[in-house]
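Please open the model in your viewer and keep the selection panel at hand. The stops below follow one another, and each says what to select and what is found there.

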Amino acid sequence: MNFHNVVFEASYGLFSQIPEDDLPEIAFSGRSNVGKSSLINKIFNRKNLARVSAVPGKTATINFFRLEGMRFADLPGYGYAKVAKTEKERWSGLIGGYLHSGRDIALVFQLIDMRHPPTRDDLQMIDFLVEGEMPFAVVLTKRDKLSPRQQAERLEAFRKEIPYGDQIVMLPVSSETGEGIEAVREVIEEIAADCAAHPAAGSPEPLEGEEQAGQGFLAPRPRKKQQ
């Protein structure tokens, strides 16, 4: 894939605004200020594809990008305390609506700051992905802030700190130095090839009560079945 050819499509502040999916999607999820925008820009070799802000919680929309036969979703950062309750509820509705909607989500990149243990919100998201049987990989950001020894220690610790950590793909990366970025691209290319070879069979029916996805959005949701 020529990652530089990615195209920005649109941003949506409410889940009800988002059109139905027509391509398999890869989502980027993570806590506010985990480096999600910087990672996206590095993967696609674009400086301003995703807006990088020094203010945590600034990304309050779902942003969609397209490359060849794949779509990418940049989800709002979660876990930032200094926002109004109504704004938190809107973010919850966005993230929850997206994950519960039955869209063809081929993979979720769950981002965690490599320097620190996963937060309660990180663990809640991972529990949701595991229980919902959604394919995901953990991307450990800011590896350049640690020495090689510290990286090894934190990677070993994550195996114990994260549920089923010994079974989860973990990708240490640095958006500053580019370390680990090629491994993320390889995962994307593998997913894209698999989606091209095995198109989705169609959307499942919404779950009962799904219109209230913003309330307790971390409930399991089955993915589309593949042929």
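## A stop between two strands

Begin by selecting Phe109 together with Ala137, the residue of β6 that stands opposite Phe109 in this predicted model. Then widen the selection to strand β5, residues 105–113, and strand β6, residues 136–141, which run parallel and are joined by six bridges.

## The whole sheet

Now select the seven strands, which form an open sheet with mixed pairing, and follow them across in the order β1-β3-β4-β2-β5-β6-β7. At the edges you will find β1 (7–12) and β7 (170–172), each of which pairs on one side only. Passing from one strand to the next, the twist averages 20°.

## The chain from end to end

Switch to a cartoon of the protein and trace it from the N terminus, where the elements run β-β-α-β-β-α-β-α-β-α-β-α, a total of five helices and seven strands. Of the contacts with a separation of 6 or more, 76% are between residues 24 or more positions apart. If you colour by burial, 47% of the 227 residues count as buried. With the surface displayed, the accessible area comes to about 11,500 Å², and carbon and sulfur atoms account for 49% of it.

## Confidence

Finally, colour the model by pLDDT, which averages 82 over the protein, with 78% of the residues scoring at least 70. Among the elements, β7 has the highest mean pLDDT, at 97, whereas helix α2, residues 85–100, has the lowest, at 70. Select residues 53–57, where the pLDDT is below 50 and where the stretch has seven contacts in the model beyond near neighbours in sequence. Then select residues 202–223, over which the pLDDT is again below 50, although this stretch has 49 contacts in the model beyond near neighbours in sequence. Where pLDDT is low, the predicted coordinates should not be read in detail.

Note on methods
Residues are numbered from 1 along each chain as its sequence is written. This is a predicted model: local features need pLDDT of at least 70, side-chain atom pairs count only at pLDDT 80 or more; totals for chains, interfaces and linings use all residues. Side-chain values use heavy atoms; hydrogens and water are left out. Two strands pair if DSSP finds at least two bridges between them. Helices (H or I, at least four residues) and strands (E, at least two) are DSSP runs, numbered from the N terminus. Axes are lines fitted to C-alpha atoms, for helices over the stretch in contact, and angles run from 0 to 180 degrees between N-to-C directions. pLDDT is the predictor's confidence in each residue, from 0 to 100. Contact means heavy atoms within 4.5 Å. Buried means under 20% relative accessible area, exposed over 50%, partly exposed in between (1.4 Å probe, protein chains only). Accessible areas come from the Shrake-Rupley method with a 1.4 Å probe; for residues, only the protein chains shown count as cover.
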